[in-house]
Amino acid sequence: MLKINKSLNGRSLRISLEGEIDSVTAPELDREVQDLENIDEVTLDLKDLAYTSSAGLRVLLGLKRRLAKRPLRLENIGIEVREVLDMTGSSALLGL
């Protein structure tokens, strides 16, 4: 299960994730981050994210690509999620 909380402050979008991103929940997250036309920056708060699978990594990397030169910030990355990002080389791709 994945809980997604979005808050908009001007043109800055903050998304807090709680639970797990896997093959079942990744499409839901992907739908939530599709419309970024009027967004200047995105911050993902991963404090309560316990796990991400490769499906979740694809969503995060796709979000980074869609933002192009606009900033994507990942905050409060837990140990388990950080290990997955580091082991797959995604940390560098996400600018961590």
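1. The model is predicted, so local features need pLDDT of at least 70 and side-chain atom pairs count only at pLDDT 80 or more, while totals for chains, interfaces and linings use all residues. Residues are numbered from 1 along each chain as its sequence is written, and side-chain values use heavy atoms, with hydrogens and water left out.

2. **The sheet.** Let's begin with the strands. An open sheet is formed by 4 strands in the order β1-β2-β3-β4, with mixed pairing. At the edges are β1 (2-9) and β4 (72-75), each of which pairs on one side only. From one strand to the next, the twist averages 20°. Helices (H or I, at least four residues) and strands (E, at least two) are DSSP runs, numbered from the N terminus, and two strands pair if DSSP finds at least two bridges between them. As background, strands of a sheet pair through backbone hydrogen bonds, either parallel or antiparallel.

3. **Where β3 meets β4.** Strand β3 (residues 41-52) pairs with β4 in the parallel sense, over 4 bridges. If you want a spot to look at, L44 has L74 in β4 as its bridge partner.

4. **Helices on the sheet.** Helix α2 (residues 54-67) packs on the sheet and touches β2 (12-21), β3 and β4. The direction of α2 makes about 175° with that of β3. Helix α3 (residues 79-88) also packs on the sheet, touching β3 and β4, and its direction makes about 105° with that of β3. Contact here means heavy atoms within 4.5 Å; axes are lines fitted to C-alpha atoms, for helices over the stretch in contact, and angles run from 0 to 180 degrees between N-to-C directions.

5. **A buried threonine.** T25 sits in the loop between β2 and α1 (26-32). Its relative accessibility is 6%, so T25 counts as buried (buried is under 20% relative accessible area, exposed over 50%, partly exposed in between, with a 1.4 Å probe and protein chains only). Apart from neighbours within four places in sequence, T25 is in contact with M1, L2 and E20. A polar atom of the T25 side chain lies 2.9 Å from the backbone oxygen of E20.

6. **R11 and D40.** The whole structure holds 7 salt bridges (a side-chain nitrogen of Lys or Arg within 4 Å of a carboxyl oxygen of Asp or Glu). One of them joins the side chains of R11 and D40 at 3.0 Å, N to O. R11 is in the loop between β1 and β2 and D40 in the loop between α1 and β3, so this pair ties together parts 29 residues apart in sequence. R11 is partly exposed at 42% relative accessibility, and D40 is partly exposed at 37%.

7. **R14 and E75.** The side chains of R14 and E75 meet in a salt bridge at 2.8 Å, N to O. Because R14 lies in strand β2 and E75 in strand β4, the pair links parts 61 residues apart in sequence. R14 is partly exposed at 29%, and E75 is partly exposed at 29%.

8. The side chains of D86 and R82 form a salt bridge at 3.1 Å, N to O. Both D86 and R82 lie in helix α3, 4 residues apart, about one turn of the helix. D86 is partly exposed at 43% and R82 is partly exposed at 31%. Elsewhere, salt bridges that share partners join R14, D45 and E75 into one network.

Definitions and conventions. Polar contact = N/O pair within 3.5 Å; in protein donor to acceptor, adjacent residues only side chain to side chain.
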